[in-house]
Each structure stands twice: as structure tokens, then as C-alpha cells.
Amino acid sequence: AALGGAFVEMPEDPAGLFYNPSSVATLAESRIAATYLKHALDINSGFLSYNSTLEGLGDNGSFAVGINYINYGSFDRADRNGNILGTFGGYDLAAVAAYSNMLDSNLYYGVALNFITNSLESSSSSAVALDAGLLYRMPEARTNIGLSILHVGSQLSTIGGVSEQLPLDIRVGLNHRLRGLPLLLNVSFHHLADETDTFWKKFENFSLGGELYISSALRIRLGYDNQRRAGLAPESQKKLAGLSAGLGIIIKDINIDYAMSSFGTVGTLHRFSVAASL
């Protein structure tokens with residue numbers, strides 16, 4: 001989040017499961033990770049993930065499982081005359097299982113199966129989706145290139161018989177660690193499958209991020225999401241929309257991360273993550 005979402009090309013992070021499943025194989029240790037996001041009003045979301053290797057089964061690949069959720073809080077239930085009859089809630093939830101391995105020297109692949117469900121009051125729907133990705137690492141050049149295709153699937157059940165397409169997302173990104181300066185630069189393009197007036201307009205959906213290594217225990221991050229800034233508010237009310245910042249703290253086998261993302265006049269969102277080696 002602190003990198004503005006420029007993450008499809010990032011290896012060795014458990015959150016990569018949700019951006020590019022091929023990154024799972026770059027995790028050398030079993031890890032458990034959790035994120036909590038305090039959204040606007042009483043909306044809350046987050047994820048929980050676990051990854052490990054399959055060496056015990058004679059497979060040199062890796063797997064990961066995770067849950068991604070959004071809880072929309074509580075709403076008043078009322079009749080047509082406005083009489084309050086109680087409350088109801090709503091949520092979205094996706095359960096993910098991924099497999100990742102090395103396809104060739106420095107080239108990784110991964111696939112993930114998602115079971116998705118959402119509920120609003122007494123109505124619900126479900127869907128299945130497939131994610132796939134590639135990650136190419138060039139250690140000597142201090143560069144990584146990532147590609148992922150997310151949410152390829154369809155609904156299993158609908159709300160009120162109305163079918164909806166899943167939000168297909170194609171992402172591609174590159175990062176590079178500077179020589180002589182402890183700075184990792186990230187750039188990625190996302191939502192490349194969205195319909196636009198022209199082909200080149202798709203590339204306005206980009207994110208930029210920088211991660212500065214202050215020490216072995218502290219990292220500072222800055223990011224920018226151009227699509228978020230363009231879609232949030234009129235030009236006169238954008239303020240800092242699309243900008244983000246955060247830091248990461250490494251204490252032995254535990255990573256603690258914080259990110260602050262600006263949504264302009266909507267407000268600022270705060271996200272906390274903890275990951276631990278097992």
C-alpha cells in the first residue's frame with residue numbers, strides 16, 4: 001500500500017500471494033502474515049496468509065493459502081415508511097490457494113484458485129476465479145519483472161438472478177535497485193484489461209513506488225497511484241489523493257509494516273501488517 005500498489009514485481013513478501021502468485025516460490029521460509037485496514041466509516045478489511053514448501057512431498061515447489069475479506073459494517077433495516085426494524089450487515093470474502101515453482105533459471109510461475117462469496121442482508125452470491133503470474137529475477141542487474149492476470153472466472157450463484165462479470169485485471173511491473181544507493185524503485189501498470197477510449201489510455205493506470213533502506217531494521221516507502229488520483233474527486237478537490245507513505249520495521253524474524261494512503265477529500269486510510277517466520 002505504501003508503494004502505491006506497485007507490487008506485482010516484488011519477490012520475497014507473503015502479500016505477493018494476492019498480487020502475483022508466482023512470488024510465493026521466492027519465499028525461503030514458512031511465514032504467516034496478517035493485514036488490517038481501517039477504511040472509511042465502519043468498513044474494515046484485511047487478509048491472512050500462510051506459505052510453505054512442498055519438499056516433504058517430493059516437490060520442490062511452494063504453496064500458500066489465504067483469506068481476503070471486507071466487512072461493510074452495520075446498516076439500519078427500515079420499512080417503506082422509514083420505521084427502523086433492526087440492523088443488517090454485508091461482507092465480501094475470498095479464500096485463496098496457490099502453487100508456485102521455478103520454471104527456468106530465475107523464472108518463476110504461479111497459479112491460484114479463489115473461491116469468492118459476498119453477502120448483503122439475506123442475499124448472497126459466489127464465484128470462482130483463477131490467478132496466474134510470472135516473475136523473472138535478474139540478480140546481477142538488481143532488477144525484477146512481474147506479470148499477473150487476476151480474477152479469471154465466473155459466478156456460481158447470483159443475487160436476484162443478475163449476473164456480473166468478475167473484475168479481470170492484468171498487471172505488469174518492473175523494479176530496480178540502484179547501484180551505490182539503498183533505494184528500490186518500482187513501476188507497474190494495472191487494470192490493463194479495463195475498457196478505455198484508446199489503447200494508450202490504458203497505460204494511465206500506473207503506480208510508482210520507492211523503498212529506501214535506512215538500515216537492516218528500517219525501511220521508508222513512498223508511492224503514487226495515478227488511477228486512484230484520477231478517479232477519486234474533481235480536479236479542484238484532489239489534494240493529496242493517490243499519494244501514500246509508510247515504513248517497515250524488521251525485528252529478528254518479525255516484520256511490522258505501516259502504510260498511509262490518501263484518498264483526497266474522502267480521507268486517509270491506515271493499514272497495518274505483521275509477518276512472522278515459522
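**Figure 1. Surroundings of P11 in the predicted model.** In this predicted model, P11 touches S23, T26, L135, R137, N144 and N175, leaving aside residues up to four places away in sequence. P11 belongs to the segment before β1. Its relative accessibility is 12%, so P11 counts as buried, the limit for that class being under 20%. Between P11 and V24 the C-alpha to C-alpha distance is 7.8 Å, with a sequence separation of 13 residues.

**Figure 2. The largest nonpolar core and the contacts of F7.** The largest nonpolar core holds 16 residues. Those that touch the most other members are F7, M10, L17, F18, F47 and V96. When residues up to four places away in sequence are not counted, F7 touches D13, A15, G16, Y19 and S188.

**Figure 3. The aromatic pair of F18 and F47.** In the pair of F18 and F47, the ring centres lie 4.7 Å apart and the planes meet at 50°, so the arrangement is classed as tilted. This pair links distant parts of the chain, F18 being in the segment before β1 (31-38) and F47 in strand β2 (residues 44-53), 29 residues apart. F18 and F47 are both buried, and both are among the core residues that touch the most other members.

Figure 4. F199 and W200 form an edge-to-face aromatic pair, with 5.2 Å from centre to centre and 75° between the planes. F199 has a relative accessibility of 49% and therefore counts as partly exposed. W200, at 65% relative accessibility, counts as exposed, because the exposed class begins over 50%. Together with F189 and F203, these two residues form one aromatic cluster.

**Figure 5. Antiparallel pairing of strands β2, β3 and β4.** Strand β2 pairs with strand β3 (residues 62-78) in the antiparallel sense over 10 bridges. Opposite N71 in β3 stands N44. Strand β3 also pairs in the antiparallel sense with strand β4 (residues 84-104), here over 15 bridges. The bridge partner of V65 is A97 in β4. In a regular strand, side chains alternate between the two faces of the sheet.

**Figure 6. The hairpin of β3 and β4.** The hairpin has 5 residues between its strands. G82 adopts a positive phi near 90° in this hairpin.

**Figure 7. The chain as the setting for the close-up views.** The secondary structure comprises 1 helix and 14 strands. The radius of gyration is 20 Å, close to the 19 Å given by the globule rule for 278 residues, so the chain is as compact as a globular protein of that length. The C-alpha trace spans about 70 × 50 × 45 Å along its principal axes. Of the 278 residues in the chain, 38% are buried. Among the contacts in the chain with a separation of 6 or more, 47% are between residues 24 or more positions apart. The accessible surface amounts to about 15100 Å², and carbon and sulfur atoms account for 61% of it.

How values were computed:
Residues numbered from 1 in each chain as written. Predicted model: local features only at pLDDT ≥ 70, side-chain atom pairs only at ≥ 80, totals over all residues. Heavy atoms only, no water. Core = buried A, V, L, I, M, F, W, Y, C linked by side-chain atoms within 4.5 Å. Buried < 20%, exposed > 50% of the residue type's maximum accessible area, 1.4 Å probe, protein only. Contact = heavy atoms within 4.5 Å. Phe/Tyr/Trp six-rings, centres within 6.5 Å; stacked < 30°, edge-to-face > 60°. Helix = DSSP H or I, 4+ residues; strand = E, 2+ residues; numbered from the N terminus. Pairing = 2+ DSSP bridges. Rg over C-alpha atoms; globule rule 2.2 N^0.38 Å. Areas by Shrake-Rupley, 256 points an atom, 1.4 Å probe, with all protein chains shown as cover.
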